[in-house]
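This briefing goes through one structure by topic, beginning with the surroundings of a ligand and then moving to domains, a helix and some backbone details. Please keep the sequence and the model open while reading.

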Amino acid sequence: MSLAKEQRIVLNNYDKINPASIDEYIAQGGYQALKKALTMSSAAIIDELKASGLRGRGGAGFPTWLKWSFTAPIEADQKYIVCNADEGEPGTYKDRLIMDKDPYRLIEALTIAGYTLGATKGYIYVRGEYPQSQQSLNTAITGTKAAGMMGKNILGSGFDFDLEVFSGAFAFVCGEETAIIESIEGKRGEPRIRPPYPGTVGLWGKPTVINNVETLANIPAILNNGGKWFASIGAVKYPGTKIMTLSGDVVNKTFVEVPTDTTLYDIIYGFGGGVTGGDFLAVQVGGNSGGVLPESLLNTPIDFDSMMAAGGSLGTGAVFVINDKRDLLDVVKNMAHFFTEESCGKCTPCREGCQRLYDFMVKVCDGKATVKDLKIANGLARVMNKSALCGLGQAAPTPVQTAIKFFGNKFEEKLLQNS
Ligand SMILES: Cc1cc2nc3c(=O)[nH]c(=O)nc-3n(C[C@H](O)[C@H](O)[C@H](O)COP(=O)(O)O)c2cc1C
Ligand code: SF4
């Protein structure tokens, strides 16, 4: 059995320091990266990020340097950095680990982001169900201000920066970046039509960069150790590490931070200790929006591109193991139900499509679906992929689509014969 090794970058301080103590964070090298950044130009910091190859850990895998390079040169009276800490994907709690156990790392990263982008104000949009994380961050913001590393003229650099924790609106869709903006503006959390993109027209119409907690948490280590160091870890096109959270029918329901060239097999059988309650049947990677994958794909490395090529997605890095004693179709039906609850209803393909896909799965499970129903469901799923306004509706069909693709025999067994 191949056993990959854990490598901690963003979780390096996990359970090593008192998260409320800035002194303990500083003793571990904290705030060295901010001090260094304040001596660098914005372009030099973005170059370092480019050399690192860091890509988003929030699900879309967008190169971080590229996102920053759109907003940094814009002249504006106000720009914003927003940290996406909404973390609504089922089975995902990676960002909470960072916020609860090492909040100063995130605050340092956001201050570096603010300096690089020319943004004097930042928001951390934290999932409403995470009051402890909100408290942890607020304590750390107070500590940072007391130490003179937030507010006016940080460390004598002339740079002013302030951060605010904003409680999320208890809805999965509010993690979508433009829905966050609406929510902070005090409106109902619904995605906006793009373009314009937030990088140019974002919060209150101002240029705004939105990054995930885990993405940002990598930045102090990148500045301290250099982009090349980061680029040498894990998969070439999606370097660094990824926190994976394990749940379902797996022995160790735990989390690991591993280089991105680690395989799914090593995560489930190495760190996870294998399958419990039966034999392996399937794994869903990336939360409810992720693909349901068969055993034959367990050798896939967990990096963004390999997962896509395999027909799944890395998403948030949630790993949900399903054993062969489960009724897979029933599990997929529950996944489809989630989206009927979480669709915001703004666009027709998602509002109607999520309900119809769920109805289809109910019919399948009841043994009442026909071959024609299957064809219609496949067509509907493709329309949703292509025409839904945001990622929620585009990805909502993924569990059903991948279950049909990889476990077609289970559907065939249930479909009405001669239909
Ligand atoms: C329905 C939906 C929910 C999302 N929820 C989150 C979330 O909780 N956290 C997150 O970082 N990104 C989430 N995203 C992705 C964001 O829209 C965005 O891509 C991400 O915050 C960008 O940060 P990154 O480039 O650092 O990954 C969500 C997207 C969709 C469509
Ligand atoms: S895809 Fe779904 S969640 Fe996104 S805007 Fe349309 S209805 Fe709302």
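The model is a predicted one, and its domain assignment divides the protein chain into domain 1 (22-231), domain 2 (241-323) and domain 3 (328-414).

**Shell around ligand 2**

- The shell around ligand 2 holds 14 residues, and the closest of them are Cys344, Cys347, Cys350, Cys390 and Gly393.
- Two or more residues of this shell are given by α15 (348-365) and likewise by α17 (391-395).
- Its residues divide by class into nine nonpolar, three polar and two charged.

**Domain 1 and domain 3**

- The centres of domain 1 and domain 3, taken over C-alpha atoms, are separated by 34 Å.
- Contacts between these two domains involve eight residues of domain 1 and eight residues of domain 3, and on the side of domain 1 that touches domain 3 there are six nonpolar and two charged residues but no polar ones.

**Helix α7**

- Helix α7 covers residues 131-146, and at 1.5 Å a residue its 16 residues should span 22 Å, which agrees with the 23 Å between its end C-alpha atoms.
- The buried residues of α7 are Ser133, Ser136, Leu137, Ala140, Ile141 and Thr144; they lie on the same side of α7, because the arc they cover around the axis is only 135 degrees.
- An α-helix has 3.6 residues a turn, so residues three or four places apart point the same way.
- The packing partners of the buried residues of α7 are α1 (22-27), β1 (80-85), α5 (94-101), α6 (103-117), β2 (121-126) and β3 (162-167), whereas the face turned away from the buried side carries the exposed residues Pro131, Gln132 and Ala146.
- After α7 comes glycine 148, which has a positive phi near 75 degrees.

**Cis peptide bonds**

- The peptide bond from arginine 194 to proline 195 is cis, with omega near -5 degrees, and proline 195 has its place in the loop between α8 (177-184) and β4.
- Another cis peptide bond joins proline 195 and proline 196, where omega is about 5 degrees; proline 196 is placed in the loop between α8 and β4.

- Tyrosine 31 counts as buried because it has 20 C-beta neighbours inside 10 Å, and 20 or more is the cut-off for a buried residue.
- Phenylalanine 170, which is also a residue other than glycine, has a positive phi near 60 degrees and is found in the loop between β3 and α8.
- With 12 C-beta neighbours inside 10 Å, phenylalanine 170 counts as exposed, since a residue is exposed at 12 or fewer.

Notes: Residues are numbered from 1 along each chain as its sequence is written. Chains are lettered from A and ligands numbered from 1 in the order in which they are written. This is a predicted model: local features need pLDDT of at least 70, side-chain atom pairs count only at pLDDT 80 or more; totals for chains, interfaces and linings use all residues. Helices (H or I, at least four residues) and strands (E, at least two) are DSSP runs, numbered from the N terminus. The expected span of a helix is 1.5 Å times one less than its number of residues. The arc is that of the directions from the helix axis to the C-beta atoms. Two residues are in contact if their C-beta atoms, placed from the backbone, lie within 7 Å. A residue is near a molecule or strand if its C-beta atom, placed from the backbone, lies within 6 Å of it. Ala, Val, Leu, Ile, Met, Phe, Trp, Tyr, Cys and Pro count as nonpolar, Asp, Glu, Lys and Arg as charged, and the others, Gly among them, as polar. Domain bounds come from an automatic or database domain assignment.
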